[in-house]
Amino acid sequence: MQNHTLFRSLPKVDKFIEHQDFQNLSKMVLLPILRDALEALRSDILSEKISEVNSDDLHQNILEQYNKIMTPSLQKVINATGVIVHTNLGRSLINPESFDRAKEIATSYNNLEYDLEKGKRGERYSHLSSLFTKLLDCEDVLVVNNNASAVFLILNTFAKRKEVIVSRGELVEIGGSFRISEVMKNSGAKLVEVGSTNKTHLCDYEENITERTKMLMKVHKSNYSIEGFASEVEFKEISKLAKEKDLIDYFDLGSGHLVDLPYGLSNSEPSLHDIMKSNPSLLSFSGDKLFGSVQAGIIVGKKELITKLKKNQLLRMLRVDKLTLSILTQDIQNMLLDKYEDIPTLNMLFKDVAELKENAKVLIKQIKDVVSCEIIDTTTLIGGGSTPNKKIPSIAVTIKIKNYSPNKMQTLFRGKNIIGRIEDEKFLLDLRTIDMNDISYIIESIKCLTTS
Ligand SMILES: *Cc1c(COP(=O)(O)O)cnc(C)c1O
């Protein structure tokens, strides 16, 4: 066929788009896809790559591209890695009841910044402080967008152009190439790194105090630990020294938990209550690591200091919205009532291995006729930089379809939004992080994978 005849056989945009298949679709999305596709066809005709225009193919191609764009990229996945506070999979899960309550607040008007008693402007942070101060027995509390914001706001408020003494071994990178030292520098504070990589002593802090020093800071090592010839100074001692020298003591705890952790983890990871015993000037931690609530940076400490933080103009940029405040308030109420089973992260952490084994049996029973699978004892991590390198027991089901490699298995499951892990050359689903409400979906997916 001649080029010009081919060109003429290209559909007209207006006509093409009137097809009933496109009727309820967004023209704003559709039109640019169609124009690009026609443009590509034109250039293929010119370069004689094609000798006919197949309008069915074009139709199909456009619908596929459209669906790809219109399918939300943020999706539910099933975490079968066993890592509870999984940094890439959304960290802590929100308690559905707390979320329902937040929905009611956020889909109606509310008193976010309105004092119902006085009938005038109120304070956003007041909704939390009375509850929270009871929970941690502290003078005051402030909540910001996340713990990185908390670090930034604290240093910017109190240590801009002043010195902050911190142990060299605690200047951690916390994932996504995000370095504590960089956050600190960007806040305007001058870091004074003391000690050596593996050892820091109290005298290292003491000897580096000058008239420019404003704060002694401790940072939780989060995602690494030093074995062997190593020592760090406990916050208790840093806090005491700071008070003697009239400086602010601040602990960036990273994670932070209220209950004693199982599997002996509490020996190395003191709880928030333990830390509060040293009466910190300031302490900050994430809302969605082991605390098990929503993304937030929680700052507790001396009322006088929190009041200063509230006056920093930066707070406007770091503040939390009504959804966060509502969820957090609800969760804290549950914690005050000792209803820790309502906190999904803790619920998963405390689940008994025997129970996980029963759950594994439910899964195995439904799939053993179609795949080769086996229940195994294994270990996993809490994650989120809460308890570096500490293993906790778990149960997993290994799965093999045909003679696929573990990598291939992992990819196939990922196609179903099920994220498993590979251990000892085997692909497995770890029961520690699997919600039993998802088990029928998992079974269905496995059956589907064996037949395709
Ligand atoms: C995780 C972590 C942070 C950052 O907290 P986000 O809530 O992720 O912003 C800061 N410091 C330490 C020590 C951490 O472990």
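This tour goes from the ligand to a cavity and then to an aromatic pair in a predicted model.

**Stop 1: the ligand.** Select the ligand and the shell around it. The shell has 13 residues, and the closest are A148, S222, D252, S286 and K289. By class, four residues of the shell are nonpolar, six are polar and three are charged. Now colour by secondary structure: helix α7 (147-159) and strand β8 (248-254) each contribute at least two residues to the shell.

- At A148, show the backbone, where an N or O atom lies 2.9 Å from an oxygen atom of the ligand.

The ligand taken alone exposes 380 Å², and the protein buries 93% of that.

**Stop 2: the largest cavity.** How many cavities of 30 Å³ or more does a search of the whole structure find? There are three. The largest cavity holds about 60 Å³ of space. To find it, select H220, L253, S255, G256, H257, L261, E269, P270, L290, S386 and T387, which line this cavity. The lining comprises four nonpolar, six polar and one charged residues.

**Stop 3: an aromatic pair.** The structure holds five aromatic pairs; for one of them, select F132 and F291. Their ring centres are 6.1 Å apart and the planes meet at 15°, so the pair is stacked. Planes under 30 degrees apart count as stacked. Zoom out to see the chain context: F132 belongs to helix α6 (residues 126-136), while F291 sits in the loop between β9 (282-286) and β10 (297-301). The pair thus links distant parts of the chain, 159 residues apart.

How values were computed:
Residues are numbered from 1 along each chain as its sequence is written. This is a predicted model: local features need pLDDT of at least 70, side-chain atom pairs count only at pLDDT 80 or more; totals for chains, interfaces and linings use all residues. Side-chain values use heavy atoms; hydrogens and water are left out. A residue is near a molecule or strand if one of its heavy atoms lies within 4 Å of it. A polar contact is a pair of N or O atoms within 3.5 Å; within protein, one must be able to donate a hydrogen and the other to accept it, and residues adjacent in sequence count only if both atoms are side-chain atoms. Accessible areas come from the Shrake-Rupley method with a 1.4 Å probe; for residues, only the protein chains shown count as cover. Helices (H or I, at least four residues) and strands (E, at least two) are DSSP runs, numbered from the N terminus. Ala, Val, Leu, Ile, Met, Phe, Trp, Tyr, Cys and Pro count as nonpolar, Asp, Glu, Lys and Arg as charged, and the others, Gly among them, as polar. On a 1 Å grid over the protein atoms alone, a cavity is a set of points where a 1.4 Å probe fits but cannot get out, and a pocket is an open set with protein on both sides within 12 Å along at least five of seven lines; lining residues have an atom within 4 Å of a point. Grid points are joined across faces, edges and corners, and a volume is the space filled by probe spheres set on the points. Rings of Phe, Tyr and Trp (its six-membered ring) pair if their centres lie within 6.5 Å; planes under 30 degrees apart count as stacked, over 60 as edge-to-face and the rest as tilted.
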